[in-house]
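Colleague: Please take a close look at one part of this model, the charged pairs and the contacts around them. State the cut-offs behind each term as you go.

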Amino acid sequence: MSDLLGYLLTGLGIGAGFALVGSGMVVIHRVTRVVNLAQGAFAVLAAMLTSALLATGLPHGLAEGAGVLVAAGAGVLTGIVAIGRPGTEPGAALIITLGLGVLAYAVEVTVWGDQPRSYAGLPGAVTLGGARIQAHYLLVIAVTLPVFAALMAFFRGTDPGKALTACAENPYAARVVGIDVRRMGLLAFGLGGALGGLAGVLLTPVQQVTFDSDVTLIVNGFAAAVLGGLTRPGVALAGGLLLGVAQTLIAGYGGGAHQLEIALLVMLAVMVAQAVRAGSVREVAR
Amino acid sequence: MAAGAALAVSGASRAFGGVYAVRDVSLTLAPGELRGLIGPNGAGKSTLFALIGGQLRADTGTVRLDGTRIDRLPADRRARLGVGVVFQAARVFPGMTVLENVMVGAHGTTGAGFVAAVLRLPAHHREERLIRDRARACLARTGLAGWADRPAEALPLGQQRALQLARALCGQPRLLLLDEPASGLRAAERERLSALLTELRAEGITMLLVEHDVAFVMRVADRVTVLDLGRVIAEGSPADVRADPVVIDAYLGAGSPA
């Protein structure tokens with residue numbers, strides 16, 4: 001019983017990270033229709049930078065903040081390259097983001113080397129209902145939930161948030177009310193970068209990061225995002241948490257390291273189900 | 001072109017695959033004028049509309065708003081300069097309430113900016129409140145006050161167009177472009193629309209009204225421009241245009257007037 005609670009909380013912590021990566025993809029996809037495959041690179045970049053900054057003696061908080069800010073900047077840059085040219089197809093932009101993700105490997109290996117990096121997170125462990133779990137997992141959850149709440153409030157309650165939603169709903173009409181759709185796309189990329197960066201700096205103390213950690217993050221993040229059809233951040237949160245919990249439970253009870261395969265299976269099943277449903281809708285419409 | 005024109009289109013042409021949709025059209029609207037734009041199907045009304053609104057760019061010719069050239073600007077820049085657009089098709093934002101739709105219309109007029117919005121600074125709150133009040137007033141004018149908190153996609157089609165009008169008004173336009181605002185409206189709604197257009201004109205908003213319903217245009221417009229096959233074939237007061245044999249010919253040639 002106490003094992004189960006431990007696995008659950010650990011899973012929620014890991015899942016929160018997936019949800020952050022996934023919601024970043026959702027924010028970008030909603031506004032620009034681009035599936036951003038550089039999303040995991042934002043997390044790795046932020047994590048590597050934070051680790052380097054902490055090594056120079058910068059205190060916690062500042063180092064993580066700098067990591068997230070730089071990831072947001074990397075997001076904007078990715079956006080400029082991917083959608084900066086008017087009329088770039090979302091499919092072409094996707095390939096550009098893939099290329100930028102690979103380019104990020106080169107940069108990260110050159111600057112920080114190819115060895116795994118980590119740093120200390122929130123120290124200690126907490127005993128909850130007989131289960132001992134690392135306190136840092138609770139921190140990850142405690143940061144992620146308010147971030148999602150703020151994200152919702154931003155989209156619903158502020159003018160730039162509403163403008164982003166307007167772009168997502170009808171870019172043609174958005175232009176008519178004076179919204180610069182491309183600029184909003186870059187803003188979405190910046191937000192996506194920040195969310196990815198946050199996932200990176202939060203997860204690194206419990207999962208060391210290497211330059212190619214982005215693959216795990218992107219597969220899990222995308223699997224979480226695809227549950228909500230790549231358009232609903234709230235569903236991405238639920239999806240991410242679910243994935244995290246499922247993976248820790250399977251790893252805990254079944255042993256073995258098949259987490260990535262599970263995420264891939266979930267993603268595939270969801271996409272097949274969605275394609276089948278969309279197909280039947282089309283047939284009915286015909 | 002006349003000095004002090006609110007809208008001046010000069011020598012505008014636009015071709016699609018070698019066929020001119022609009023050919024060498026010039027059009028000058030005085031400030032506060034309500035101009036009707038009519039013509040048989042395929043006359044180029046919608047293309048001209050899009051050239052002014054920025055959905056299309058002219059191959060040649062210029063478009064000026066209060067003397068400023070806008071023909072090379074994208075639609076969003078034109079909107080921020082004061083061009084409001086109401087499309088014939090329902091182009092609202094589903095997934096947002098009616099009120100939120102109208103509030104987005106003020107996007108081009110907001111000044112507090114992204115940082116203030118995110119940090120929820122007092123300046124942003126003040127502006128947000130102001131826009132909310134303005135949006136409610138615009139909903140009241142277009143007869144949508146009772147729908148404010150409903151999702152936009154729940155509105156019937158005619159009301160979705162009224163919503164677009166409210167959204168455009170919330171942006172406080174100098175020039176309002178209306179594409180067939182009366183189509184699909186019932187008689188009472190049509191009356192309300194014509195009263196609202198008259199009111200807006202009294203407030204000094206310049207309007208270009210593209211309309212299929214010739215009788216409606218003749219009733220509300222100060223002046224009427226007639227397009228046929230991409231060219232201006234007549235222009236003048238409603239009475240003059242109605243009596244113009246060239247106009248009668250164009251309409252009879254393309255079927256009876258609507």
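Modeller: B:Arg190 and B:Asp213 are both buried (buried means under 20% relative accessible area, exposed over 50%, and partly exposed in between, with a 1.4 Å probe and protein chains only). This is a predicted model, in which local features need pLDDT of at least 70 and side-chain atom pairs count only at pLDDT 80 or more, while totals for chains, interfaces and linings use all residues. Residues are numbered from 1 along each chain as its sequence is written, chains are lettered from A and ligands numbered from 1 in the order in which they are written, and side-chain values use heavy atoms, with hydrogens and water left out.

The side chains of B:Arg190 and B:Asp213 form a salt bridge at 2.2 Å, N to O (a side-chain nitrogen of Lys or Arg within 4 Å of a carboxyl oxygen of Asp or Glu). B:Arg190 belongs to helix α7 of chain B and B:Asp213 to the loop between β8 and α8 (214-220), so the pair ties together parts 23 residues apart in sequence. Helices (H or I, at least four residues) and strands (E, at least two) are DSSP runs, numbered from the N terminus.

A network of salt bridges with shared partners joins B:Glu33, B:Arg35, B:Arg223 and B:Glu235. Within it, B:Glu235 and B:Arg35 meet at 3.4 Å, N to O. B:Glu235 is in strand β10 (residues 231-236) and B:Arg35 in strand β3 (residues 34-38) of chain B, so this pair ties together parts that are 200 residues apart in sequence. B:Arg35 is buried at 1% relative accessible area, whereas B:Glu235, at 36%, is partly exposed.

A further salt bridge joins B:Arg141 and B:Glu203 at 2.6 Å, N to O. This pair links distant parts of the chain, 62 residues apart: helix α5 (residues 122-141) holds B:Arg141, and the loop between α7 and β8 (206-210) holds B:Glu203. B:Arg141 is partly exposed at 27% relative accessibility, and B:Glu203 is partly exposed at 48%. Over all chains the count comes to 15 salt bridges.

The domains of chain B come next. The assignment (automatic or from a database) gives domain 1 (1-82 + 174-197 + 207-258) and domain 2 (91-172). Their centres, taken over C-alpha atoms, are 27 Å apart. The contact (heavy atoms within 4.5 Å) takes 14 residues from domain 1 and 11 residues from domain 2. About 840 Å² is buried between these domains, 62% of it on carbon and sulfur atoms (buried area is the accessible area, 1.4 Å probe, that two parts lose on being put together, summed over both). On the side of domain 1, B:Leu176, B:Arg192 and B:Leu196 lose the most area to domain 2, together 47% of what that side buries.

Between the chains, 24 residues of chain A are in contact with 28 residues of chain B. Together the two chains bury about 2300 Å², with 62% on carbon and sulfur atoms. Two salt bridges are found across this interface. B:Glu100 forms a salt bridge with A:Arg156, with 2.8 Å between the closest N and O atoms.
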